[in-house]
Amino acid sequence: MDFQSIFDQQRAHFLSVVKPAPLRIRKEKLKKLRGWIMANRKEIQHAVFLDFRKGPEDVDLSEIKPLLAEIDHTTRHLDDWSGYHAVSSPLYLLGSKSGILHEPKGVTLIIAPWNFPFMLAVNPLISAIAAGCCAVIKPSELTPNTSALLERFATDLFPPEEVTVIQGDASVSQSLLELKWDHIFFTGSPQVGKIVMAAASKHLTSVTLELGGQNPVVVDETANLKDAAEKLIWGKLLNNGQSCVSVNAVFVQEKVKLQLEVELVKAFEKLYPDHKNQITSGDWIRVVNERHTQRIAKLVFSTIESGAREILGGGISVTERMIPPTILSDVTLESPILKEEIFGPVMPILSFKHIDEVIGWMNSQEKPLMAYIFSKSKQNIQHFIDSTTSGGVAVNETTLNFVHPGLPFGGVNNSGIGKAHGKAGFLAFTNERSIFIQRRGLTTMKLAYPPYTWFKKLVIEVLLKWL
Ligand code: NAD
């Protein structure tokens with residue numbers, strides 16, 4: 001496939017058609033996109049099911065609803081975000097007018113991962129369309145059914161010179177990365193994020209990198225343990241743990257550790273009363289491929305060998321790509337499972353005496369995408385927020401930052417660069433162009449032009465001290 005010519009066609013179409021089009025056209029595209037999703041809801045459910053056996057309700061909640069929320073929020077606020085925003089001038093620029101023009105960056109590349117294969121390809125596209133950009137989407141090769149549907153989605157809704165889907169593996173992704181994009185929006189692992197950023201640096205292309213990492217959880221002795229347990233089990237098992245915001249290590253205060261473990265097992269039975277059937281009948285969400293299943297299995301076995309106790313689990317099958325929900329207690333900071341993103345339905349539990357032990361550990365690690373705390377203590381919550389950093393924090397909850405379109409979503413450093421969703425997503429695809437309009441004739445700055453006579457020097461003194 002000739003990627004350069006696709007790129008050139010998009011560039012020409014962007015300059016002649018997409019960029020000059022009125023805002024109304026962008027809203028119409030978003031409306032059509034929403035209509036397509038609703039009309040093809042069953043097809044989306046089916047494709048994702050074929051890829052890793054994700055059930056229809058899960059697809060509705062985590063692939064479709066976030067997109068509808070994103071479209072509605074974006075359409076509602078687009079008038080406010082876009083166009084020209086006047087900015088008042090400081091006194092030393094008296095007489096001038098200025099403002100910010102929100103112009104689309106241009107032709108953009110969206111590279112998507114497999115774990116929410118429809119939603120994570122379309123969500124950035126919503127921002128790209130809202131900003132007035134063209135886009136090439138490269139979905140994941142690990143979810144071929146959804147990627148094929150995404151191709152139909154693009155052909156149904158857009159001419160290829162505006163939005164097109166190019167399927168393929170890492171080699172296709174790398175060929176695409178050689179082109180001179182106006183912006184690259186990548187969602188995936190930190191390892192590949194580095195490859196994307198290196199490629200972008202050749203053209204000094206801006207990037208948004210939505211990456212992964214550890215999402216630690218603190219449960220202190222004041223927490224409502226039953227409530228925390230239900231939320232932790234839900235947050236861990238959403239997408240069978242294959243989510244960038246998934247709960248990773250759970251640090252629980254020593255005094256309430258046993259109680260939390262009991263509540264976790266109870267919560268699991270309550271939320272998944274039919275789990276035995278689901279797992280044996282093949283209805284449970286699968287790990288996407290054997291390589292990832294093997295990786296997670298190895299993490300579980302080596303952590304048990306290092307002294308951890310399995311309080312829920314068993315029945316791993318690599319050939320079936322099945323990791324049943326697993327809770328490991330008595331995990332230590334040295335355990336293998338604490339060294340990488342788990343990306344599977346495994347919850348390691350560690351204990352602490354004082355919250356500062358967890359804070360100290362967090363600050364010695366890569367900055368996480370999310371950090372979670374369950375507590376009734378305002379002091380502990382504030383201390384946790386003030387003493388750590390992460391892309392986001394949820395208090396007495398997990399995961400839901402992602403589905404709030406009013407919150408910028410993304411990591412820091414190793415967990416990501418730049419933010420997505422809502423206004424932040426719109427700005428990722430926008431050049432905030434500064435416009436400065438000066439009056440003709442005498443201006444305040446002319447009073448300080450060289451040569452620096454005694455009067456000009458006086459003006460400079462005034463400028464520095466009072467204006
Ligand atoms: P991945 O990095 O392996 O792949 C992502 C995309 O990059 C795919 O389209 C793939 O084809 C492409 N790719 C793979 N290797 C490449 C290479 N060498 N050069 C160029 N492109 C390449 O990620 P994944 O396994 O699909 O997804 C899981 C990861 O994504 C996890 O780390 C998870 O935390 C992260 N993630 C982050 C978010 C977020 O919003 N922050 C959301 C979902 C997933």
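Begin with the aromatic side chains: a search of the whole structure, which is a predicted model, finds 13 aromatic pairs. Select phenylalanine 185 and phenylalanine 429 from this set. Their ring centres are 5.8 Å apart and their planes meet at 10°, so the pair counts as stacked. Colour the chain by secondary structure to see what this pair joins. Phenylalanine 185 belongs to strand 6 (residues 183-187), while phenylalanine 429 sits in the loop between helix 15 (422-428) and strand 16 (430-437). The two residues are 244 residues apart, and the pair links distant parts of the chain.

Next, show the charged side chains. The structure holds 23 salt bridges. One to pick out is that between arginine 11 and aspartate 182, with an N to O distance of 2.9 Å.

In the contact between them, domain 1 contributes 16 residues and domain 2 contributes 19 residues.

Which three residues supply more than any other three of the area that domain 1 buries against domain 2? Select Phe52, Arg53 and Trp114: they supply 35% of it.

Then look for polar links across the interface. How many salt bridges does the rule find between domain 1 and domain 2? The number there is zero. Polar contacts do occur, with a count of six residue pairs between the two domains.

To see where the domain 1 side comes from, select helix 3 (41-52), helix 4 (56-81) and helix 5 (119-131). Each of these helices supplies at least two residues of the side that touches domain 2. Coloured by residue class, that side of domain 1 shows eight nonpolar, three polar and five charged residues.

Two backbone stops remain. Most residues other than glycine have a negative phi, and most peptide bonds are trans. Select asparagine 240, in the loop between helix 9 (225-237) and strand 9 (250-253). Asparagine 240 has a positive phi of about 55° although it is not a glycine.

Finally, select proline 450 and proline 451. The peptide bond from proline 450 to proline 451 is cis, with omega near 0°. Proline 451 lies in the loop between strand 16 and helix 16 (454-466).

Technical notes: Residues are numbered from 1 along each chain as its sequence is written. This is a predicted model: local features need pLDDT of at least 70, side-chain atom pairs count only at pLDDT 80 or more; totals for chains, interfaces and linings use all residues. Side-chain values use heavy atoms; hydrogens and water are left out. Contact means heavy atoms within 4.5 Å. Buried area is the accessible area (1.4 Å probe) that two parts lose on being put together, summed over both. A salt bridge is a side-chain nitrogen of Lys or Arg within 4 Å of a carboxyl oxygen of Asp or Glu. A polar contact is a pair of N or O atoms within 3.5 Å; within protein, one must be able to donate a hydrogen and the other to accept it, and residues adjacent in sequence count only if both atoms are side-chain atoms. Helices (H or I, at least four residues) and strands (E, at least two) are DSSP runs, numbered from the N terminus. Ala, Val, Leu, Ile, Met, Phe, Trp, Tyr, Cys and Pro count as nonpolar, Asp, Glu, Lys and Arg as charged, and the others, Gly among them, as polar. Rings of Phe, Tyr and Trp (its six-membered ring) pair if their centres lie within 6.5 Å; planes under 30 degrees apart count as stacked, over 60 as edge-to-face and the rest as tilted.
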